[in-house]
Each structure stands twice: as C-alpha cells, then as structure tokens.
Amino acid sequence: MSASSPSSRSTGFTASVWVARIAILVGALVFLEQAPGTWVPKLFLAKPSAVGERLGEWMGFGDEDPILWDALRTTLLHAGIGLICGTVLALVIAFVVWRSTVLARSVEPLMAVIHNVPRITLIPLFVFWLGNGDAPINVYVIGTAFFPMFYNALQGWRAADRQVIDVLSIMGARPRHIFATYLLPQSREFILSGLLIAAPLTLVAAIVGEMLVGTGIGGMLSLYRVSFDADGLYTATVVASAVGVAINTAVGRVNRRHRTRMLETGGL
Amino acid sequence: MIGPSLARLSALPSMPRWMQNGLVTLAFLGLWQLVVSVGLQDEFWVSSPQLIVERLGDWQEGGELWDNLLPTLRVALTGFLLAAVAAMVVAVALASSRWLDEVLGWYLDVIYALPKPALVPMFLFALGLGDSPKYVLVVLIVFFVFYYNLRAGLGEPRANLRNALGILGARRRDVVLYLELPTLVPYLVASARIGAPLALVGTVFAEFFTATPGMGNLIERASTTIDATGLLAGVAVLTVIGALVDNMLRRLDLRIGRWRA
C-alpha cells in the first residue's frame, strides 16, 4: 500500500474525488427535482425543493406550527430512555450472571432463548398489553438496547483477572467494592463498545415502535404515508435519516478515538 | 453473533448448550401454562402454550401456515442472496479501485447510517403494497452486512502468500481460485450468520404494512383482531425458523472454520 499512502496521495486525486462526490449529489437532486410529473407519477416522489420548503415550515420558518421539535424530542427521548434503562438492566443482570454460578445456569440460557425471539414481532403484543402509548415503545427499545450491553458487559467481566478478585476479597473487599474499584474500570472498553453498538439500534427501535403506535418521527412517517402526503412523508424520512447519520457519525468518532472492540452486528 | 459463544466454562460442564436452552424453554412454557391453568392470568391477555399449539394445528390444516410462511421465506431468501451477490460485486470493485472507493464508499457509509426501517413508508409509497418494498428493505439491510465483512476480508494482508504463489508459478486464475476465494469464505459465513436473521426480521417487518401474504401479515391481522393466540403462534413459528437457520449456519461455520485453527 506504500504507493497510495495518504502523504503521497496527490491533491489532484483528492480534488477529483470531491468533484465526483458533488457531481453525484447534484445529479441525484436534479433528477429528483425533474422526475415527478415527467418520468414518475407526481404522487410517488417529492421534489427536493418541496421537501426543503416543508422542512422550513416544520422548523418554524413560516406560519405553521413548528411540529418538528416536538417530534424530534419524543423520538430522542424514546431512544435515550430505552438506552439508559436497557443499559442499567443489562449491567444488573450481567452482574448477577457473572457472580453466581447457580443463577447463571438458568439465567444465561434464558437470555439466549429470549434473544432468539424476533423482537419486532412482539411490538403488537406490547401494544395489546400496555396500551397505545409510550409504554410499548419503551419496552421494545429497552429490549433492543439490552442484549448488546448484556453480552459485552459479561464478556468484559469474564475477561477479568480472577486472582485480582481473590486477593481483593481476601483483603476484605465486598462484592460492591470489587465491582466499583476493579471490575467496572477494567471492563470500561467492553461497556463502551456495548453502548456504541446499542445507540444506533435504539434510534431505529424507537422509530419502528413509533411507526406502529403513532407518535414522534415514526408516527409522522405512518401518518403522511396513509394520508398520501408525499412532501410530508419524504420530509419526515429526511429528518429520520439525518438523525441516524448524526448518531452513527458520533459513534464512529468515539470508536475511532477509543478503539473499542466494536463488533459489526449489522443491526436493522 | 456475540452472545451464544460465551457459555461459561464452569457452568454445567456436562450439559451441551442446546440442552440447557431446551430445558429453560420447557420450564418457561410449563410455568406459562400453569399460570393460565390455575387462573392467575386470563387466556385472553396472555394466551397459553396449549392454545398456541392448537392454533398451529388449525393453521396447518387450513393452509394458513404454509400460505404465509412460504412467501416470507421466499422473500427473505431471495433478498438475502441478491444482497450477497451485489455486495460481493461492489466490494470487489471498490477494493480494486481507490478512486471508486473514495467516491462511492463514502456514499455507502452514509446509506449504511440511515435507519432503514424508517425508509419503509417511503418504499411503500413509491413501490406499492406488493412484494417489492420487502425486497428493497431486505437487500438494503443484508447488503451492508456482507459489504463490510467482505471489505474486511479483502483488506487482509496476503502479499506474502501472493508472492509465494507467484514464485511457484501460479497464474492469476490460480491465485483467485486458491488464495483469494478461500480467504473470503469465513467472512461470507460470518456475514450469513448475521444477515440471515436480519433478512427474516426485515421481511416480517415490511409485511406488517404490505398486502401480500406473509407471516408479518398474519401477525398484523391477529393484532388488529385482538387475538393474542394468533399473534404468539406467528411469533413462535418465526422463533423456531430463526433458531433452525442459526443452528445450520453455526454448524457450517464450525466445519469451515476448522482448518483455520
């Protein structure tokens, strides 16, 4: 790879790359602007200009209600609450499994069995049990955040040095002392890695739950689809995509800085 | 997958993992049945294993099971294979040209970051309520699993081996056949293990909204008629299929991985 190392890469190469990237973007936008009504029926696609206009309205640059901020807050709250609660739950259960050999025998296979159930199919059941509100979304998002955190934390704690733990307990440390002073710092990398995997998944889970329940950005997607409002639907899709790209970029940046052992799980 | 490979050495040394999982499942189902039989919970809300088995029997006789399961499996498998082939082509193309990689790889990274299920309403809107939105979602999800794994595989340093083969007089074709392709096989299997369940779940999710037969359609119909038994029977079928597929691919993984030490 010596011939193409970053230092020897010519500025001409970089320039041509950027020209091509921008050309593709501009080409796509021009196509989308021209296509509806000429090549594609008007109903199926929205023009970028119409999407931009609608986005401006939602952000409050017009006479309409700025509905974007409420929807964004709802979605991010669903994702955030799920991530936090799922993480705490996962750490508690992983600690129980890690500590006790008796419980681990039944809890760990139970987790494996639950992990095998396609969670997405359970959302209608959660709605049926908990009503058409935030509760089924929260349950689904917590379930989504749980498994990456659980398995990463468990893996980290099992990589811990048994001898250190034995010495600490001989010196009179209680389990919670061992946990706070050795186990948690030692497994930092694994837990961070679990968080980085879980964070984008919780956003997707929140939107999916909202699509079926009818709140937040997911609810907007469902609403504009069934009301055949192409501009609204494509604008909501752009918003959801922007949030997804933002979260993934942040995750990528943290991952590059801390070089976690992030696994490509390729979630939905 | 991260999880299942972590079986603790000290836990139940004599019992294989599938047996542990089976026992736990049986205990769970038994407890569920007991709770309903004793009357602690109403069958209307939580259904029961017995009712679900009966429902599955009805579906088998009435034909609903196969009429819905086969289309789902067909879409999932076709989409999965399409995505795998597309990812192979794109990964090889981008790995062989730095310029293409810088231009298109950049866009692929952005597309990967999109929350794909959130795009489903758009697909439904543009493509209708038939099978095509399902295919688009499945291909979009599975493509990236294969793409990133194959890029990792193609990036593996193999210059020494390639030079050695060259000295031994290997032609380009031999290098591809005996070096390039075999090194990719473990990456393909790893992608398949991650991608297969995602293909199934992706199909079922899209089927919640489409009008053509499928397990997602069956589950969605049960949920709108407040039929917990029907819903859970559908979930049970998908869980079993998912476990079977994962088991098959894990065996394949073990068999293929053996020579790699």
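Predicted model: local features only at pLDDT ≥ 70, side-chain atom pairs only at ≥ 80, totals over all residues.
1. Six of the eight residues of helix 6 of chain B are buried, so the helix is largely enclosed by the rest of the structure. The buried residues are V120(B), P121(B), M122(B), F123(B), L124(B) and F125(B).

2. What covers helix 6 of chain B? The cover over its buried residues comes from both chains: it includes helix 10 (216-226) and helix 11 (230-258) of chain A, together with helix 7 and helix 9 of chain B. Helix 6 (120-127) is also among the elements of chain B that give two or more residues to the side touching chain A.

3. On to the contact between the chains as a whole. Chain A contributes 52 residues and chain B contributes 57 residues. On the side of chain B that touches chain A, the elements giving two or more residues are helix 1 (17-38), helix 5 (98-113), helix 6 (120-127), helix 7 (132-154), helix 9 (172-207), helix 10 (215-224) and helix 11 (228-257) of chain B. Sorted by class, this side of chain B has 40 nonpolar, 12 polar and five charged residues. For the complex, the predictor gives an ipTM of 0.88 and a pTM of 0.89.

4. Which residues have the most contacts inside the largest nonpolar core? They are A94(A), F150(A), A153(A), V138(B) and V142(B), in a core of 123 residues. Helix 9 (residues 188-213) of chain A supplies the largest share of this core, with 16 residues.

5. G216(B) sits in helix 10 of chain B. Is G216(B) buried or exposed? G216(B) has 29 other C-beta atoms within 10 Å, and therefore counts as buried. Setting aside residues up to four places away in sequence, G216(B) touches T203(B), V204(B), F205(B), A206(B), E207(B) and F208(B). Between G216(B) and K134(B) there are 11 Å from C-alpha to C-alpha, although the two are 82 residues apart in sequence.

6. Most residues other than glycine have a negative phi. S47(B), which is not a glycine, has a positive phi of about 55°, and I226(B), also not a glycine, has a positive phi of about 50°. S47(B) lies in the loop between helix 2 (43-46) and helix 3 (49-62) of chain B, while I226(B) is in the loop between helix 10 and helix 11 of chain B. S47(B) counts as buried because 22 C-beta neighbours lie inside 10 Å. I226(B) counts as exposed, with 12 C-beta neighbours inside 10 Å.

7. Chain A has 11 helices and zero strands. The radius of gyration of chain A is 24 Å, well over the 18 Å that the globule rule gives for 268 residues, so chain A is more spread out than a compact globule. Along its principal axes, the C-alpha trace of chain A spans about 75 × 60 × 35 Å. Of the 268 residues of chain A, 40% count as buried. Among contacts in chain A with a separation of 6 or more, 70% come from residues 24 or more positions apart.

8. How is chain A divided into domains? Domain 1 covers 1-34 and domain 2 covers 67-258. The C-alpha centres of domain 1 and domain 2 of chain A lie 36 Å apart.

9. Finally, a word on confidence. Chain A has a mean pLDDT of 88, with 93% of its residues at 70 or more; for chain B the mean is 88, and 93% of its residues reach 70 or more. Among the elements of chain A, helix 10 has the highest mean pLDDT (95) and helix 4 (residues 101-116) the lowest (82). Residues 1-5 of chain A stay under 50, with three contacts beyond four places in sequence. In chain B the pLDDT is below 50 over residues 1-12, a stretch that has 21 contacts in the model beyond near neighbours in sequence.

Note on methods. Residues numbered from 1 in each chain as written. Chains lettered and ligands numbered in written order. Contact = placed C-beta atoms within 7 Å. Helix = DSSP H or I, 4+ residues; strand = E, 2+ residues; numbered from the N terminus. Nonpolar A, V, L, I, M, F, W, Y, C, P; charged D, E, K, R; others polar. pLDDT = per-residue confidence, 0-100. Rg over C-alpha atoms; globule rule 2.2 N^0.38 Å. Buried ≥ 20, exposed ≤ 12 C-beta atoms within 10 Å, placed from the backbone. Domains from an automatic or database assignment. Core = buried A, V, L, I, M, F, W, Y, C linked by C-beta atoms within 7 Å.
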